[in-house]
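Dear colleague,

After it you will find my notes on what turned up when I went through it.

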Amino acid sequence: MDQFTKGFCESGGNEVETVYVNRTKELPEQVDLFKKADHVILAFPLYTDAMPGLVKAFIEALEPLCGRSENPSIGFVVQSGFPEPNHSRFVERYLEKLSKRLGSRYQGTVVRGSGEGIKIQPSWMTRKLFKHFYELGTKFTDENGFNREVMRKLAPREQLSKGRLFFFRLLDKTGKGNFYWDMQLKQNKAFEKRFDKPYQSKD
Amino acid sequence: MKILILDGNPDPNNTQFEEYLADLTKEIHGLDNEVKQIKLRDLNIRYCTGCWGCWAKTPGKCVFPDESHDVCREYIHSDFVLMASPVLMGFTSALLKKTQDRLIGLLHPYFEFVENETHHLGRYEKYPKNGLLLDRSQNTDDEDIQIIKDMFRRFSLNFKTELAFFGLMAQDTKEVARAIDNI
């Protein structure tokens, strides 16, 4: 989202306030900022096929603003760890309906898979992703919303292509597919316990 | 059947919701099932922060010591879990959602393929079937209901199970109890 903000601000005279919805004690101020904005983008990671609980709490706090004529336009960014964008298309339908419920003009939902581990990826892996988000930012004002072409580049296919499916299955068979999690587990000295079932006993 | 009912109603003044669930519990119990109901608003359950401790530090268990652990244990030892919630802003409550988030440790971070799509690997041998019971608000329409149903079907798919029951609180409790008993 920093890339988006950079692009948006560099395309001339725009003000961006980034609000962290996980600061739940600041909810009244966050709702107030929502009211005063021209555009709002709500970005979140997919949690059990939907929005995180604290994002739902923020949404519930917006109820008094439903149908308000001065509501900002609203767009969404949904990132998931699964490679396929399809996982996020279900909450996307909810988000489009949410815009209608609020009476806010719907900007669209940017969906991006394979999001886990971005913060530890080297720059050659994140360059393209960051470039796309920067471009979404620079084009936002002129297009009065998310550029559709860039959104398509971020989610080119809903399901894995035959080639990518073959590649993932091969990774899986050779045990290399879990490289990221195995690395984390080993760093935490928890690799041997990776298949633990802590709730197996009834007590 | 061993049945767990997760009461996702955040409002103690919504007595209609609570009376319905109490009646439903009685009906299900009358059909010779073991029923346990958990009122989620009475538990200390924090929001998931996405720290991945439950996957990479203490595999299978959240690092935060609150009452979500009790819910996880009850969940995995049940045959059927009924999630009940009012519809707020077009979806189930934040209270129920944050509880679902804290169940993620019951799954493994590794992926597996289900119908050519990646999903999380199961951690346990057996997962309970899911049910969802909604209490519509005045501004809930049929599109909302369909969206919620489809999202919960996806939740069940990821939780190695199926959405075996879906109903609204407009239905008679005897009818709902019978439908659940037949699962």
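**Contact between the chains**

Helix 3 of chain A and helix 4 of chain B are roughly antiparallel to each other, because their axes cross at roughly 170° and an angle over 145 degrees counts as roughly antiparallel. Please keep in mind that this is a predicted model. The two axes come within 8 Å, and the contact is made by Gly53(A), Lys56(A), Ala57(A) and Glu60(A) on the helix of chain A, together with Ala94(B), Lys97(B), Lys98(B) and Asp101(B) on the helix of chain B. By class, the residues of this helix pair divide into 5 charged, 2 nonpolar and 1 polar.

Taken as a whole, the contact between the chains draws 41 residues from chain A and 41 residues from chain B. On the side of chain A that touches chain B, helix 3, helix 4, helix 7 and helix 8 each supply at least two residues, and helix 4 of chain A gives the most, with 7 residues. That side of chain A comprises 19 nonpolar, 14 charged and 8 polar residues.

**Within chain B**

In helix 3 of chain B, which spans residues 68-76, the buried residues are Ser68(B), Val71(B), Cys72(B), Tyr75(B) and Ile76(B). Because these residues cover an arc of only 120° around the axis, they lie on the same side of the helix. The partners against which they pack, also in chain B, are strand 1 (2-7), strand 2 (34-39), strand 3 (80-86) and helix 4 (94-101).

With best regards

Terms used. Residues are numbered from 1 along each chain as its sequence is written. Chains are lettered from A and ligands numbered from 1 in the order in which they are written. This is a predicted model: local features need pLDDT of at least 70, side-chain atom pairs count only at pLDDT 80 or more; totals for chains, interfaces and linings use all residues. A residue is buried if 20 or more other C-beta atoms lie within 10 Å of its own, exposed if 12 or fewer, and partly exposed in between; C-beta atoms are placed from the backbone. Helices (H or I, at least four residues) and strands (E, at least two) are DSSP runs, numbered from the N terminus. The arc is that of the directions from the helix axis to the C-beta atoms. Two residues are in contact if their C-beta atoms, placed from the backbone, lie within 7 Å. Axes are lines fitted to C-alpha atoms, for helices over the stretch in contact, and angles run from 0 to 180 degrees between N-to-C directions. Angles under 35 degrees count as roughly parallel, over 145 as roughly antiparallel, 65 to 115 as roughly perpendicular and the rest as oblique. Ala, Val, Leu, Ile, Met, Phe, Trp, Tyr, Cys and Pro count as nonpolar, Asp, Glu, Lys and Arg as charged, and the others, Gly among them, as polar.
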